[in-house]
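Q: Could you take me through how to read the strands, the sheets and the surroundings of a ligand in a model like this one?

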Amino acid sequence: MGLDIVIVGSGLAGLAAGAFLRKQHTITILEKSKLDFQQNDYGISVIANAYSLLQKAGIDDTQLDMAVMTKLWQRTAGNEEIVTADFDTRKTFGAPSVLTKRSHLQRELYRLATSAALKGQPAEIIENIKVKSVDANTGMVNTSDGRSFSGDLLIGADGINSVVRAAVLSSDGKSACEALATSHDLLAYMAQIPLSALASSPSLSFLADPETSAGLVNFSSPRGRTDKLRILGYHTSPREFQLVGYASEEEFAAQFDQFGTSIIKGVPASRAKHALSEFDSAITDLYDHHRSGDGTVEVWGIRDLDPLPRWSLGKTLLIGDSCHAVTPHAGQGCNIAFEDAEALGVVLEDVNSDMEIESALEKFLKIRKERAEFVANGSRHMGALLGPEAGPFDEGAKQALEQLEGTA
Ligand SMILES: Cc1cc2nc3c(=O)[nH]c(=O)nc-3n(C[C@H](O)[C@H](O)[C@H](O)COP(=O)(O)OP(=O)(O)OC[C@H]3O[C@@H](n4cnc5c(N)ncnc54)[C@H](O)[C@@H]3O)c2cc1C
């Protein structure tokens, strides 16, 4: 009974799919790295739409070292208040929106996918095995150690530079190279700082108490609402805060290409402060407190995907960043991946034969594709990446917040 399902990638989408599908199906996950749950860790928001699904899957809050979001702040580049809104989704949507680290989420999803104590067969995760080539029509993959894997269904959850996507989109359904993402000449200066650094800054101390005010602050562009420069900050635990300062890639563009990476470490904090010098220095001085402790920060290249002509071909389906990578502005990347995973669990419930898969996938695509593309476009809009003709997003957000507060 049940299907044999092969998943490529044990990131957030792949593990969540394993967690939602294991109750009934036999799951094998192929992962190119050794899972260490720490490397390139960053803060992540899981908003009520997705967190309620993880609760349904049995996520254990106590393992997330999380802060519960209760506030949204919109401020100018000079740190003057525009809007401060309550954002406690426990009251409005019946589930919390949480701020945590990717590593904690991934570890919990790993448990949900593999624990012998949970219902169904634990997913088998094979680490250090890279998928080199894919035939989407047959759902067959070849791996770096010379093996082949196939099942009733192949799921590509291999992230933004997906080899499975390249196969699904190719004319013959085959590929042996990774697909490229869309660049917007946008990077993020990233720093993770202790809350004590906020507490000691008089103009930022309003962010320092995660018990009363965990949330997300957006310092908008000093160059106007349709400019992409901005600094986002949010709690990532009851003790820490993350800064994401968006700016142009400048000379880093060549380094991303040269080293084939989207993350550059060891960049002097002064470089971030210079690129973001139009913001209040109390905000940019926070870059001196990055946890590296050596006066350096990280630079992350930001990419996303244009809407794809299709997400599936033959025996293969794409989920997560592999088909709808979004910029981080809306904080919805993993949220929509979790929605994919849960929806897949629903449409494949009681599907036990090859013959039934096609109509199940049609249902999945109907529920998911338009929604994910809507979120991706909204995220570009929030980041002012659609050009001036798209108009400002902030005004719409402000009106929505006012409506929520009953002040419109
Ligand atoms: C700075 C930043 C902040 C963000 N903040 C948020 C936020 O607040 N909220 C939110 O919802 N989202 C956020 N996101 C987005 C979110 O992290 C992603 O959408 C999410 O991690 C995507 O999960 P995924 O499993 O699809 O891809 P990934 O997490 O990239 O996982 C892909 C996996 O596939 C493996 N893999 C790749 N190729 C192969 C191969 N050939 N063979 C085998 N394995 C392979 C990789 O090793 C990896 O483990 C943020 C992203 C960034 C960069």
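Predicted model: local features only at pLDDT ≥ 70, side-chain atom pairs only at ≥ 80, totals over all residues.

Q: What order do the strands take in the open sheet of 4 strands, and what is their pairing?

A: In general, the strands of a sheet pair through backbone hydrogen bonds, either parallel or antiparallel. Here the 4 strands follow the order 11-10-9-13, and the pairing is antiparallel. At the edges are strand 11 (148–149) and strand 13 (174–175), each of which pairs on one side only.

Q: How many strands form the open sheet with mixed pairing, and in what order?

A: That open sheet is formed by 6 strands, in the order 8-2-1-12-21-20. Its edge strands are strand 8 (124–126) and strand 20 (312–313), and each of these pairs on one side only. For a parallel pair, look at strand 1 (residues 4–8) and strand 12 (residues 153–156), which are joined by 4 bridges; in this pair, Val6 stands opposite Leu154 of strand 12.

Q: Which strands does helix 13 lie across?

A: Helix 13 (residues 354–382) lies across strand 12, strand 20 and strand 21 (316–318), and its direction makes an angle of about 15° with that of strand 21.

Q: How many residues lie between strand 5 and strand 6 in their hairpin?

A: There are 5 residues between the strands, and in this hairpin Asn79 takes a positive phi near 75°. The strands themselves, strand 5 (residues 71–75) and strand 6 (residues 81–86), pair in the antiparallel sense over 5 bridges, with Gln74 having Val83 of strand 6 as its bridge partner.

Q: Which residues around the ligand come nearest?

A: The shell around the ligand holds 31 residues, of which Glu31, Tyr42, Arg102, Asp321 and Asn335 come nearest. By class, the residues of this shell divide into 14 nonpolar, 11 polar and 6 charged.

Q: Where do polar atoms of the protein lie in relation to oxygen and nitrogen atoms of the ligand?

A: On the backbone side, a polar atom of Lys32 is 3.1 Å from a nitrogen atom of the ligand, while a backbone N or O atom of Ser45 lies 2.8 Å from a ligand oxygen atom. On the side-chain side, a polar atom of Asp321 lies 2.8 Å from an oxygen atom of the ligand. Taken alone, the ligand exposes 1,000 Å², and the protein buries 89% of that area.

Q: Which elements give two or more residues to the shell around the ligand?

A: These elements are helix 1 (12–21), strand 3 (43–46) and helix 12 (333–347). Helix 12 gives the most, with 3 residues.

Notes:
Residues numbered from 1 in each chain as written. Heavy atoms only, no water. Near = heavy atom within 4 Å. Polar contact = N/O pair within 3.5 Å; in protein donor to acceptor, adjacent residues only side chain to side chain. Areas by Shrake-Rupley, 256 points an atom, 1.4 Å probe, with all protein chains shown as cover. Nonpolar A, V, L, I, M, F, W, Y, C, P; charged D, E, K, R; others polar. Pairing = 2+ DSSP bridges. Contact = heavy atoms within 4.5 Å. Axes fitted to C-alpha atoms, helices over the stretch in contact; angles between N-to-C directions.
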